[in-house]
Structures are given as C-alpha cells and as structure tokens.
Amino acid sequence: MSLLPRRHLSGLNADVSVIGAGCWTIGGPVTNRGTPIGWDDVDPDAAFAGLVHALERGVTLYDTADVYGLGHSERLLGRLLRLVPRQDLTISSKVGYFAGTARHAYHPAQMRAQLATTLDNVGTDHLDIYFLHSSDFGPDDRYLLDAADLMQTWRAQGVIHAVGMRAPHRFAEEWAATDGPQAAETRRWLHLYDQVRPDVVTTRYNLLSPLYADHETDIFRFARRNGLGVLIKQVLGQGLLLQAGSDPDQRQYSIGDHRRADPTFTPDSRRQLHARLAPLRDRYGHSPANMARLCVQYALHHAPDAAILVGFRNAEQIDTVLAALDHPLHADDITQIRAVLHDNPYID
Ligand SMILES: NC(=O)c1ccc[n+]([C@@H]2O[C@H](COP(=O)([O-])OP(=O)(O)OC[C@H]3O[C@@H](n4cnc5c(N)ncnc54)[C@H](OP(=O)(O)O)[C@@H]3O)[C@@H](O)[C@H]2O)c1
C-alpha cells in the first residue's frame, strides 16, 4: 500500500493529495426549508473511522461546508484535526446556503457569523479554501459585491488562503457568445466569476459528463488559462455509478437525503443508467471497486492538474475508492469508455 500521489493545486499554490475526502455525506440527513440537502443516515463512529483511514492513507485534502449536517461534518473534521498538525492538511469549507436565520446567507453579518462558526467547529484559525457555495446573491445580486469583497478581505488577512466558487455542470466559454440553450447560464457564471475573482473552482466531472470539441474552452481549459485550481466533485455520480452493478430498484433514499428528490435517482432513471453501463461492467467488472477504478481514473485522465473529492460514509468505502489509484487505465480504455457512453468519442 503506497501513500497517495499529490498534485499541485493552482490558485491555492499548494500540493494536495490527488484524492480528497468529501465530507458532505458524513454530515448525514438534513433538510433546509423543507428540502432534503443531506445524505442517508451515517454512523458518526464509522464516518470518523473513514476520516482516520483517509488520513492514514495519505489524504491531505478535506472538503466540508457549514450546511453539511449543519455543522456536524465540520465538527467531525475538527476531531480529525486534533490528531495531526494543522499545516499537514488542506481544509476547505463553504458559505452561502445556510438558512437558519432571517438574514440572507450572503448578508455580510451572516457571512461573518458563519465563518466564525466554521472556524470554531473545525478548531482552526484559518481555512485553506473558502467557497461561495450558492450562486443566489439575493434580489438583483444585492449581496454579491459585499460577499466578493469580504472574501478578498479575509484572503488578504490570511483567515482564508484561497477563494472558491462553483462552476456550472456544463460549461464552454464560447457558449456565452451564442444564443444556444446554455448561453444565459454561461454569461451569468462569467459575470459572477469576474466579480468574485476566485482562486479555485469546483466542477462536476464523471463518466457521464459531456465531451467538448477542440475549439471549446471547457472549465478545465478555462481554469488552466486563468491559473485556477480545480476540485472535481460527483466523480462517483453520488454513488449511482458504483451501484449500477446491483439491482437498481432495491435502493431507497431516506428523508433528508437529497437524492430522494433528484429525478436522476428514480428507479426508472437508475434502470436506464444500469443498461447504459452494462458493456463497461462486462468488460471491467461488476463490483463497486471495478467501477470506482473507471470513475477515478477517467477523471484523473481528463484533468491531470485537478484533484478529486470523493464522498464516503465509512472506511471501507473510501478505501475502495483510494485503491482505484493503483489500477490506471490506458488511452485505449478511455476511448472505449467514450465509445460506449457517448455518441462522439474523441481522444484528447
Ligand atoms: N455534489 C456537489 O454539488 C458538491 C458541491 C461541492 C462540493 N462537493 C464535494 O464533493 C464531495 C463528494 O460528493 P459528491 O456529491 O461529489 O458524491 P460522490 O463522491 O460522487 O459520491 C459519494 C457517494 O458514493 C457512494 N460511495 C462511495 N464509495 C462507495 C463504495 N466504495 N461503494 C459503494 N458506494 C460508494 C456513497 O453514497 P451512499 O453510500 O449513500 O450510496 C458516497 O456518499 C462532497 O462530499 C463534497 O465535499 C460536492
């Protein structure tokens, strides 16, 4: 068993383990204004054992948020931080979704309160990356400039080391100049990007992500050109891409698990995905470990300068995903996967 490889994260200007521990899942079930925003019940001891296992395997990057378990996830991470010098870990958290008060989540007073709570929960005096989690900045973006300024101030003070911002699931810079279906969202994001001036972005990328033409600037190319670090999320399709080997009808999502309200997770959608992935399971194996290898290696191949965040609920889950690093894919495999899943595979 070898320690994990590291990658240099532009924007933060630091090396991080190529796989980071995504700590949303371990926050457990949560609802926010009646909407499920968490995950199925998680045993806190098993979740902590997962964190410790990640640490022992060499994971140095840990991503959490104020709304993950409404502080529960941050506090679990705080327990882990007591086991290791602060400077050995890269900790990221987020602000922007908490709806526990009458104030908007990006009201400056609310942001200050949330940052103080997060630092207290984690037991640290600084965050390596602090994300603006939501793109709702109030009516007419009332809180946008203040939120952006506050983040830059904290960055200058050293309370945070990098400003983070989420990118759209689908993005090519060129779409902003078209009248296509993604144009408005792309223009909106580029506008927010100009205001916020982030150092790091987070984006979804997995086996099902669209392919981009050579003339298109996807988020990874955009980040490279602008010196941004990229953290990739949903590499495992929030569990869907690993579960596809078992009967997709069996899984029920509890109240408080956001997947319960997501059309991607209905039995019908899961059955369709199951069929779409069948040729890959037949070729690479049916177990979660086999599918985790495809998910992790496919993302790493596409973005050799990004780090991946993976969610987990216990040591076994994260161990399975970390083990995927030991089994690279070849260029032929990538071509084959694209041919199976996409109409227009290309080799990059
Ligand atoms: N998704 C977002 O919008 C978002 C935004 C910002 C940051 N992030 C970060 O990204 C992290 C990763 O989360 P994600 O949303 O991207 O999900 P993900 O990593 O694609 O999926 C995680 C889920 O996959 C399942 N899983 C993991 N290992 C498994 C194994 N070995 N066998 C079977 N199932 C397994 C678990 O779910 P079950 O056991 O419950 O099925 C786990 O919670 C988050 O924790 C968060 O830190 C996510």
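Predicted model: local features only at pLDDT ≥ 70, side-chain atom pairs only at ≥ 80, totals over all residues.
Me: What makes β6 and β7 a pair?

Reply: The bridge count does. Two strands need at least two bridges between them to pair. Strand β6 (residues 61-63) and strand β7 (residues 90-95) have three bridges, so they qualify under that cut-off. The sense of the pairing is parallel.

Me: And what do the eight strands close into?

Reply: A barrel, in the order β3-β6-β7-β8-β9-β10-β11-β12, with parallel pairing. From one strand to the next, the twist averages 30 degrees.

Me: How do you know that β10 and β11 pair?

Reply: Bridges again. β10 and β11 have five of them, in the parallel sense. The cut-off asks for at least two, so they count as paired. One of the contacts to look up is Val201, whose bridge partner in β11 is Val230.

Me: Why is β11 called mostly covered?

Reply: Buried means under 20% relative accessible area, and in strand β11 (residues 229-233) five of its five residues are buried. Gly229, Leu231 and Lys233 point one way while Val230 and Ile232 point the other way, and all are buried.

Me: In which sense do β1 and β2 pair?

Reply: Antiparallel. Strand β1 (residues 6-9) and strand β2 (residues 14-17) share four bridges, and the cut-off is at least two, so this is a pair as well. His8 stands opposite Asp15 in β2. The hairpin of β1 and β2 has four residues between the strands, and Gly11 there takes a positive phi near 85 degrees.

Me: Which residue has a positive phi of about 55 degrees although it is not a glycine?

Reply: Asp140. You'll find Asp140 in the loop between β8 and α4. A positive phi of about 50 degrees turns up at Arg197, which is not a glycine either. Arg197 has its place in the loop between α5 and β10 (200-204).

Me: What makes helix α2 mostly covered?

Reply: Seven of the ten residues in α2 (residues 72-81) are buried. They are Ser73, Glu74, Leu76, Leu77, Gly78, Leu80 and Leu81. These buried residues pack against α1 (44-57), β6, β7 and α3 (108-122).

Me: How does helix α4 lie?

Reply: Helix α4 (residues 144-157) lies across β8 (127-132) and β9 (160-166), running at about 150 degrees to β9.

Me: Now the rings. How many aromatic pairs are there?

Reply: 13, going by ring centres within 6.5 Å.

Me: What sits over the ring of Phe48?

Reply: The charged end of Arg79, 3.8 Å from the ring centre. The distance limit for such a contact is 6 Å.

Me: Zooming out, how many helices and strands does the protein chain have?

Reply: Eleven helices and twelve strands. The radius of gyration is 19 Å, close to the 20 Å that the globule rule gives for 348 residues, so the chain is as compact as a globular protein of that length. Its C-alpha atoms fill a box of roughly 55 × 50 × 40 Å along the principal axes.

Me: And what share of the 348 residues is buried?

Reply: 55%. As for contacts between residues at least 6 apart in sequence, 76% join residues at least 24 apart.

Note on methods:
Residues numbered from 1 in each chain as written. Heavy atoms only, no water. Helix = DSSP H or I, 4+ residues; strand = E, 2+ residues; numbered from the N terminus. Axes fitted to C-alpha atoms, helices over the stretch in contact; angles between N-to-C directions. Contact = heavy atoms within 4.5 Å. Phe/Tyr/Trp six-rings, centres within 6.5 Å; stacked < 30°, edge-to-face > 60°. Lys NZ or Arg CZ within 6 Å of the ring centre and 35° of its normal. Rg over C-alpha atoms; globule rule 2.2 N^0.38 Å. Buried < 20%, exposed > 50% of the residue type's maximum accessible area, 1.4 Å probe, protein only.
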